[in-house]
Amino acid sequence: MATGTRVTRSSPSMKQAPTPKRIRILLADREEVFRLGIRQLFSLEDDLRVIAQAATSEQAVSLAERFKPHLLVVQEEIAAEPPGNFMDEVRRVSPLSKVVITASTVVGDGPSRHLESGAANVIPRSAALSRFAKCVRESMRHKVSPVKATPVTIVRAVEYLQKPLARPVDTLTLREKHVIACLMQGFPNREISRRLAIAEQTVKNHLRSIFDKVGVSDRLELVLYALHHKLELPLVETARQQPPVTES
């Protein structure tokens, strides 16, 4: 199946259920850095929650049986681990769980084989960051849609964990550090606005300024950047308790 081709599939063996308000997700990937990137990305979404992580097929099946996640995001190589009946095992231990496969490539018949075996969706590991959350939601709605890779990817984002300091950050204001501290806790813009007693648009303005100063392009890259460079940030509680800082 070439990238951009829509596939419509309905599996009679998979039970249908309404999309939950908060989707519980199990991550299964051999690369710890990739799992970190996905987990941080989903933590920024109000309706997505990572409840467990696995590094092998056996761990993924065991955790699926224990936690009964709504959806598993599984590396293609893990799904192919011996004895090769991963989808059957997931259906056996957690029949309502859906599976999204993350693939190194989406050319050839690989995606079709995964869909035919019962996967709800297939997404390339090089997909745009925003596509991962969208793919989860579409999968819960029984929708399979085309995915196009873009330069801003999870793979690119997690590379910040290996990169040296790219740009000086000593120009960050105290208010901007408060915004980053809230972001590290997974708070959306509305909650950051409430905690810092500033307008939601002001939060967005601060984020744009921060992105420019540290050389990142989105919230996930900023979180990974802060983790890697161990930025000294104020406590979120401190930011909430002190009076508003008069900064532009």
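**A walk through the chain from one aromatic ring**

R125 lies over the face of F34, 3.8 Å from the ring centre; a charge counts as over a ring if NZ of Lys or CZ of Arg is within 6 Å of the ring centre and within 35 degrees of the ring normal. The model is predicted: local features need pLDDT of at least 70, side-chain atom pairs count only at pLDDT 80 or more, and totals for chains, interfaces and linings use all residues. Residues are numbered from 1 along each chain as its sequence is written, and side-chain values use heavy atoms, with hydrogens and water left out.

F34 belongs to helix α1 (residues 32-43) and F132 to helix α6, so that the pair links distant parts of the chain, 98 residues apart.

F34 counts as buried because its relative accessibility is 4%, and F132 is buried at 3%. Buried means under 20% relative accessible area, exposed over 50%, and partly exposed in between (1.4 Å probe, protein chains only).

Helix α6 (residues 129-140) also holds S139. With a relative accessible area of 1%, S139 is buried. Its side chain makes a polar contact of 3.2 Å with the side chain of N121; such a contact is a pair of N or O atoms within 3.5 Å, where within protein one must be able to donate a hydrogen and the other to accept it, and residues adjacent in sequence count only if both atoms are side-chain atoms. Leaving aside residues up to four places away in sequence, S139 touches L71, K98, V100, A120 and N121, where contact means heavy atoms within 4.5 Å.

What of the cysteines? C135 is buried at 2% relative accessible area, and C182 is buried at 0%. The structure holds zero disulfides, a disulfide being a pair of cysteine sulfur atoms within 2.5 Å.

Over the chain, the secondary structure comes to 12 helices and five strands; helices (H or I, at least four residues) and strands (E, at least two) are DSSP runs, numbered from the N terminus. Buried residues make up 49% of the 248 residues. Of the contacts with a separation of 6 or more, 71% are between residues 24 or more positions apart.
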